[in-house]
Amino acid sequence: MSKIDEADETLLLDLLNTTPVVDGVQRDDLGDAEAGREWLTAHGQPPTEDEWRALRDVRQALQRLVRGDGSASAVARFVDGVSCRPSVVEEGIAWTLDLPRGRSAAARAVLAWDALRVSSPGRLRPCANPECRRFLVDHSKSNSARWCSMAICGNRMKARRHYERSRRPQAG
């Protein structure tokens, strides 16, 4: 399965970005079961405790993978039992994804990660701001996006570089 659904790409990116640094402190938007159920509901996923627990586990594995610190084998258990079944419809063949109960959101996130890995290699990446914990999917033609947000991290990093250049003694 290499074609990515836009909703699943959003689910993946939103999941990866649930541990942002806010005012210098890392936050966990899935820190408790209630927050997890709200997040799952907002993303159209079953809001169960099993789903929340699987989501937290897969998030850690996917964040490590995208940062280049992990192995794909770490996500294997989240897609165990996933299958795709065909049915004939008026237009041809429709495929239905069968997901495991209790980890369907986690399975969707892993499938979305793999679809991006195949269809858009290198476009899912961490923000270039070393103080940021967010991720981005670069949809630019030039594949040159570096920051999760140009308004926040991009502006900060550009301002920081400008300040550092202006503080250097001028050769003269």
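Colleague: Where is Asp23 placed, and is Asp23 buried or exposed?

Modeller: The model is a predicted one. Asp23 sits in the loop between β1 (21-22) and β2 (25-26). Its relative accessibility is 78%, and the cut-off for exposed is over 50%. Asp23 therefore counts as exposed.

Colleague: What is the phi of Asp23?

Modeller: Asp23 is not a glycine, yet its phi is positive. The value is about 55 degrees.

Colleague: How many helices and strands does the chain have, and in what order do the elements run?

Modeller: The secondary structure comes to 6 helices and 6 strands. From the N terminus on, the order is α-β-β-α-α-α-β-β-α-β-β-α.

Colleague: How do strands β3 and β4 run, and how many bridges join them?

Modeller: β3 covers residues 83-89 and β4 covers residues 92-98. A hairpin of 2 residues connects β3 to β4. Within the pair, Ser87 stands opposite Ala94 of β4. The two strands run antiparallel, and the number of bridges is 7.

Colleague: How are the axes of α1 and α3 arranged?

Modeller: The two axes come within 9 Å and cross at roughly 85 degrees. Angles of 65 to 115 degrees count as roughly perpendicular.

Colleague: At what angle does helix α2 pack on helix α3?

Modeller: α2 spans residues 33-42 and α3 spans residues 49-67, with the axes 9 Å apart. α2 is therefore roughly perpendicular to α3. The angle between them is about 90 degrees.

Colleague: Which residues form the contact of α2 with α3, and what are their classes?

Modeller: α2 contributes Ala33, Gly36, Trp39 and Leu40, while α3 contributes Glu51, Trp52 and Leu55. The division is 5 nonpolar, 1 polar and 1 charged.

Colleague: Which element gives the most residues to the largest nonpolar core?

Modeller: This core has 28 residues, and those with the most contacts inside it are Leu12, Leu15, Val58, Leu62, Val75, Trp113 and Leu124. Two or more residues come from each of α1 (6-16), α2, α3, α5 (104-119) and β6 (135-137). With 8 residues, the element that gives the most is α3.

Colleague: Which residues does Leu124 touch?

Modeller: Leu124 is one of the residues with the most contacts inside the core. Residues up to four places away in sequence are not counted here. What remains is Leu12, Leu13, Leu16, Val66, Trp113, Leu116, Leu136 and Val137.

Colleague: Is Ala61 buried or exposed, and which residues is Ala61 in contact with?

Modeller: Ala61 lies in helix α3. Its relative accessibility is 12%, under the cut-off of 20%, so Ala61 counts as buried. Leaving aside neighbours within four places in sequence, Ala61 is in contact with Ala74 and Val75.

Colleague: What share of the chain counts as buried, and what share of contacts joins residues at least 24 apart?

Modeller: The chain has 172 residues, of which 33% count as buried. For the contacts, the pairs considered are at least 6 apart in sequence. Among these, the share that joins residues at least 24 apart is 50%.

Terms used: Residues are numbered from 1 along each chain as its sequence is written. This is a predicted model: local features need pLDDT of at least 70, side-chain atom pairs count only at pLDDT 80 or more; totals for chains, interfaces and linings use all residues. Side-chain values use heavy atoms; hydrogens and water are left out. Axes are lines fitted to C-alpha atoms, for helices over the stretch in contact, and angles run from 0 to 180 degrees between N-to-C directions. Helices (H or I, at least four residues) and strands (E, at least two) are DSSP runs, numbered from the N terminus. Angles under 35 degrees count as roughly parallel, over 145 as roughly antiparallel, 65 to 115 as roughly perpendicular and the rest as oblique. Contact means heavy atoms within 4.5 Å. Ala, Val, Leu, Ile, Met, Phe, Trp, Tyr, Cys and Pro count as nonpolar, Asp, Glu, Lys and Arg as charged, and the others, Gly among them, as polar. A nonpolar core is a set of buried Ala, Val, Leu, Ile, Met, Phe, Trp, Tyr and Cys residues joined through side-chain atoms within 4.5 Å. Buried means under 20% relative accessible area, exposed over 50%, partly exposed in between (1.4 Å probe, protein chains only). Two strands pair if DSSP finds at least two bridges between them.
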